[in-house]
Amino acid sequence: MNAFSNTEQIGKIVLDYKYYPGEDLYCDGAVEDELLDIVKNYSPIEYRRIIEERAKWPVLYHLSPLRENIVDWVPMDKDAKVLEVGAGCGAITGSLAKKAGSVTCIDLSKKRSMINAYRHQDCDNVTIHVGNFKDIEPELPNDFDFIYFIGVFEYGQSYTGTARPYEDLLKMMLRHLKKGGRIIIAIENRLGLKYFAGCREDHLGTYFSGIEDYAQGGGVRTFTREGLEHIFYTCGVENYSFYYPYPDYKFMTALYSDKRLPLPGELSENNRNFDRDRMLLFDEKQAFDGIIKDGIFLCFPILM
C-alpha cells in the first residue's frame, strides 16, 4: 500500500482503506490466517481438495463453490452495477464479478477483505471498501442495479445502532438503489423446521433461541416471512418475492418459490450439520412431507 494513499491493489482488485479504523474489530482467529495462506498459494481449482484435507468448518464455509449457488441463478445484465454488503472472504464476490459490470464490496475486516482480494485478484471490476458500513454508506452512489445482503440483514443492529435497525437499514439501502433495481436478502427463517427438530440457532449456537423470539437477548435477529413482510410494509416496499433455498442459503442445491413449492419426497437432505452438534428430535423429511401435503409449507421454510 502506498504510504500516501488510502488504497492498495492486489492483482486487479482495489482495496479502499479510507474508513478502515486501523484494526479488525471482529475475527475468527487463526483460521483466517490459514484461509489467507490458501488463497495466496493455491488456485481455486484446488479448493475442493484442500477442503477435504483440512476438514474444518470455516474452510468449507468460506471456500466451498456451493456458496455461489445462492446468487448464480439471479439474472443480471453484463453491465449491472452491484453492491455487496458484508462481502467477508468473498464467497459470492467472484460469481457476482463474472455476471456484472462492476461490484462494490463493503466489509469491516481488513483480513477478510484481503482474502477476498487474493482469491479474486484476476477480477478487474471489483473494488473493496474496508471499514464501518455507517462511515462508508453516505459516500455510496444511488444507482446500483443490485444490492446483496447474503447472511447480513440479521446483523442490522450492528450496522445502524438505531431503535428500528432493520427498517432503517433497508431504508438506507433503498436510497442507493436505481429505479427498477433489486435488493437480494438471504436470511434464515426464525421458525425453520430444523430448529424445532433440534438444530441450534445459527448465530448464537443455542437451542430454540429464535423459536423463543430471542428472549435471552443478543444482537442478531432472524424473521419469519410475516416478520419480513412487516418490515417491507413499514419501508414502503410493495414489490417483492420470496424464494426458498434448500437445504439452506449457505449450501443451496435447490431453489423453490411461491410458484413452485416443494413436492412430497423432495426435501430429504436435512441432517447436514457441519459447524456444531445438534439434537435429532424427529425425522424432518417425514415432517416436511406431512407439512407439504397439508399445504402449510410456507409456515416452515428456510427463507430468502
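This is a predicted model: local features need pLDDT of at least 70, side-chain atom pairs count only at pLDDT 80 or more; totals for chains, interfaces and linings use all residues.
Two strands count as paired if DSSP finds at least two bridges between them.

Select β1 (7–10) together with β2 (residues 13–16). These strands are antiparallel partners, joined over four bridges. Within this pairing, Thr-7 has Asp-16 of β2 as its bridge partner. Two residues lie between the strands of the hairpin, where Gly-11 adopts a positive phi near 60°.

**Second stop: the two faces of β1.** In a regular strand, side chains alternate between the two faces of the sheet. Display the side chains of β1: Glu-8 and Ile-10 belong to its covered face, whereas Thr-7 and Gln-9 belong to the uncovered one.

Now select the seven strands of the open sheet, which follow the order β1-β2-β5-β4-β3-β6-β7 with mixed pairing. Which strands stand at the edges? They are β1 and β7 (177–186); each has a single partner strand, so one of its sides is left without a neighbour in the sheet. From one strand to the next, the twist averages 20°.

**Fourth stop: a parallel pair.** Strands of a sheet pair through backbone hydrogen bonds, in either a parallel or an antiparallel manner. Select β3 (residues 81–85) and β6 (residues 144–150), which pair in the parallel sense over three bridges. Here Val-82 has Phe-146 in β6 as its bridge partner.

Note on methods: Residues are numbered from 1 along each chain as its sequence is written. Side-chain values use heavy atoms; hydrogens and water are left out. Axes are lines fitted to C-alpha atoms, for helices over the stretch in contact, and angles run from 0 to 180 degrees between N-to-C directions. Buried means under 20% relative accessible area, exposed over 50%, partly exposed in between (1.4 Å probe, protein chains only).
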